[in-house]
Every structure is written in C-alpha cells, then in structure tokens.
Amino acid sequence: MEYVPEPDIDKEVARIIAFFEWDHLDPKRVRTIRSRGSRSRRILARCHALPKAMQTGLALPAHYVIELVSENYDRLSEMEKTKTLIHELLHIPATFGGGFRHHDYVHGRRVNKLYEEYARHLSTPRRHRKHSPPRSRLLSEDCFREGLQSFCRPPPGRGCPATARPVLPLLN
Ligand SMILES: [Zn+2]
C-alpha cells in the first residue's frame, strides 16, 4: 500500500467540521490520506485512530486519519465524495479518545440528512446564509480562496480574522 497526505481534503474536512460546529473534533488532529494499492472494490474510505496504547506510550493525544481508497473514492461524484467525508467524520465519537462510533449511528440516512444541510448552505448565496461559520473558526485558506467577496472580509486595514494576515483579492 502507498499513502499520500491530502492537505486540500484536510481543508474540506475542516470546513465540514466548522459548518456543523462539531466542537468535539479537532481539525488539526483529523487528517486525510489517499491510499493506492487496495484490492477492495467496495471500500471507499476508512477511519483510523491512534490507539489508546500508542497514545499513552508515545505521550500523544488522540489523532484520527481518514483514508480515502483511491481506486474507489476517486471515481465518486463530488456529492458522494462529500458524503464519504461526512460518513467517516461521524465515526469519530464525542470523546475523541481513540475509539469509534459504529454503523448503528453512522448510516446512510444520517449522512444524507447532514449532506443536504451542508449542500443547501453551499448553494445559498453567501449574503443570504443564516448559518455561516463564526469568524473565529475560519481558516486562513478560506480567506484567501474567498477573497474580498467573502463574509470574512476584514475591516479596512485589518487582516484575516483567523491569522491577521492581509486578505488578497481573487485572481480569477
Ligand atoms: Zn463506516
């Protein structure tokens, strides 16, 4: 198996966490990777946790890694990709301790409902959105991506609320 980190998908995961206000999830300790070489034609993604014994032995807090199985995940539609990320995030319990929530909790109906909420938010013009992530939660990357048309536009002379870095206009 070959694994590569996916920093762009980490950002998408952080956006999903911020949108749902899943405060029990620390986006810095939820990372995504893409794997190649799986024989499975069925598994789209897996959620891994640093086991309690490793956390204790290495004196590290809990971390989770969402593995996207390239052979299967890559051919999904954007909608299915987002649903897959939501599904894997739901596996992480409120305790964020290294365990998992199982498929009695993580199931299609719950994922679809959450996805619809998230997709509705994304398709609503920004000025009409009722539910924007609080400014303090914005990632600096969002500020740069969304540029000056963004709800996180800082007051004149001020930078991005998350980083205090200046916000640049979009180039395209
Ligand atoms: Zn699952």
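This is a predicted model: local features need pLDDT of at least 70, side-chain atom pairs count only at pLDDT 80 or more; totals for chains, interfaces and linings use all residues.
**Figure 1. The chain as a whole.** The chain contains six helices and four strands. Read along the sequence, these elements follow the pattern β-α-β-β-α-β-α-α-α-α. Of the 172 residues in the chain, 19% are buried. Among contacts between residues at least 6 apart in sequence, 58% join residues at least 24 apart.

**Figure 2. Helix H4 and its surroundings.** Helix H4 covers residues 78-90. With 13 residues at 1.5 Å a residue, H4 should span 18 Å, and its end C-alpha atoms are 19 Å apart, which agrees. The buried residues in H4 are Lys83, Thr84, Leu85, Ile86, His87, Glu88, Leu89 and Leu90.

**Figure 3. Helix H1 against helix H4.** Two packed helices are described by the angle between their axes and the distance between the axes. For H1 and H4 the angle is about 65°, and the axes are 11 Å apart. An angle of 65 to 115 degrees counts as roughly perpendicular, so H1 is roughly perpendicular to H4. The crossing of the two helices is right-handed. On the H1 side, the residues in the contact are Glu12, Val13, Ile16 and Ile17. They meet Leu85, Ile86 and Leu89 of H4. By type, the residues of this contact divide into six nonpolar, no polar and one charged.

**Figure 4. Helix H4 against helix H5.** Helix H5 runs over residues 108-123. H4 and H5 pack at an angle of about 120°, with their axes 9 Å apart. That angle makes H4 oblique to H5. H4 passes H5 in a right-handed crossing. The residues that H4 brings to the contact are Thr82, Lys83, Ile86, His87 and Leu90. Those of H5 are Arg110, Val111, Leu114, Tyr115 and Tyr118. The contact of H4 with H5 is made up of six nonpolar, two polar and two charged residues.

**Figure 5. Ile86 of helix H4.** Ile86 is one of the buried residues of H4. In the packing of H1 with H4, Ile86 belongs to the H4 side, together with Leu85 and Leu89. Ile86 is also among the H4 residues that meet H5.

Key: Residues are numbered from 1 along each chain as its sequence is written. Axes are lines fitted to C-alpha atoms, for helices over the stretch in contact, and angles run from 0 to 180 degrees between N-to-C directions. Angles under 35 degrees count as roughly parallel, over 145 as roughly antiparallel, 65 to 115 as roughly perpendicular and the rest as oblique. A crossing is left-handed if the near helix is turned anticlockwise from the far one by less than a right angle, and right-handed if clockwise. Two residues are in contact if their C-beta atoms, placed from the backbone, lie within 7 Å. Ala, Val, Leu, Ile, Met, Phe, Trp, Tyr, Cys and Pro count as nonpolar, Asp, Glu, Lys and Arg as charged, and the others, Gly among them, as polar. The expected span of a helix is 1.5 Å times one less than its number of residues. A residue is buried if 20 or more other C-beta atoms lie within 10 Å of its own, exposed if 12 or fewer, and partly exposed in between; C-beta atoms are placed from the backbone.
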